[in-house]
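This report is written for a reader who is meeting the structure for the first time.

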Amino acid sequence: MNLSFATPSKGKWNEKSRRGIFIKQHSITIIIGSLLFALTAACTDNDHDPEITMLEAVEKSREEIMDLEKVDRAATSFDGESFIQFRLMTEEIPAEEEAERLFKIVIDTIEENSQRPDVWENYDGVFDIRTYDDGIVYEAVHFSGRELNIESRR
């Protein structure tokens, strides 16, 4: 049995030619679909990654805090569950208002980098400011759901 198809412009086609055209048409559809998917993925806003971990947020915050003029060094730790420690090293003892401002910057920066507005309702933190000569001069404690408590160690 020989199948042949007649068209006004091409004459007779055999079955093999027809399959080739069918495959070409579907290949073009797949290519166009893939391009549209790639463009959609490229245009999607990936700045708000819901999968950012608290460890990444704390580390990113440390890097940002290091850029502050008053801060020489910063160290962080996170226990993997709910406890954050943050230390700021300075050359000179900051005034109480400056220490309070630095602690609030740390709190706000961690909140921004975690992308969780309720971060301080679920996490606890201990923050301190230390000088090279005097040791710890200010300490702040933040328990989940409470206000930041700042104490001078001088």
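## A helix and its buried residues

In H3, the residues Glu98, Ala99, Leu102, Phe103, Val106, Ile107, Thr109, Ile110, Asn113 and Ser114 are buried, where buried means under 20% relative accessible area, exposed means over 50% and partly exposed lies in between, with a 1.4 Å probe and protein chains only. Helices (H or I, at least four residues) and strands (E, at least two) are DSSP runs, numbered from the N terminus. The buried residues of H3 pack against H2, E4, helix H4 (119-122), E5, E6 and E7, contact being taken as heavy atoms within 4.5 Å. H3 has 19 residues and spans 27 Å from its first C-alpha to its last, close to the 27 Å expected at 1.5 Å a residue; the expected span is 1.5 Å times one less than the number of residues.

## Basis of the model

This is a predicted model, in which local features need pLDDT of at least 70 and side-chain atom pairs count only at pLDDT 80 or more, while totals for chains, interfaces and linings use all residues. Residues are numbered from 1 along each chain as its sequence is written, and side-chain values use heavy atoms, with hydrogens and water left out.

## The sheet

Five strands form an open sheet with mixed pairing, in the order E3-E4-E5-E6-E7, two strands being counted as paired if DSSP finds at least two bridges between them. Strand E3 (73-78) and strand E7 (149-152) stand at the edges with a single partner strand each, so one side of each is left without a neighbour in the sheet. Neighbouring strands of this sheet are turned by 15 degrees against each other on average, direction ignored; axes are lines fitted to C-alpha atoms, for helices over the stretch in contact, and angles run from 0 to 180 degrees between N-to-C directions.

Strand E4 (residues 83-90) pairs with strand E5 (residues 124-131) in the parallel sense over eight bridges, and within this pairing Ile84 stands opposite Gly125 in E5. Helix H3 (residues 96-114) packs on the sheet, where it touches E4, E5, strand E6 (135-142) and E7, and its direction makes about 140 degrees with that of E5. E5 and E6 run antiparallel and are joined by seven bridges, with Val126 opposite Val141 in E6, and a hairpin of three residues links E5 to E6. E5 is mostly covered, since six of its eight residues are buried.

The axes of H2 and H3 come within 8 Å and cross at roughly 135 degrees. H2 and H3 are therefore oblique to each other, given that angles under 35 degrees count as roughly parallel, over 145 as roughly antiparallel, 65 to 115 as roughly perpendicular and the rest as oblique. At this crossing, Met54, Ala57, Lys60, Ser61, Glu64 and Ile65 in H2 meet Ile105, Val106, Thr109, Ile110, Asn113 and Ser114 in H3.

Gln115 lies in the loop between H3 and H4. Its phi is near 60 degrees, a positive value in a residue other than glycine. At 34% relative accessibility, Gln115 counts as partly exposed.
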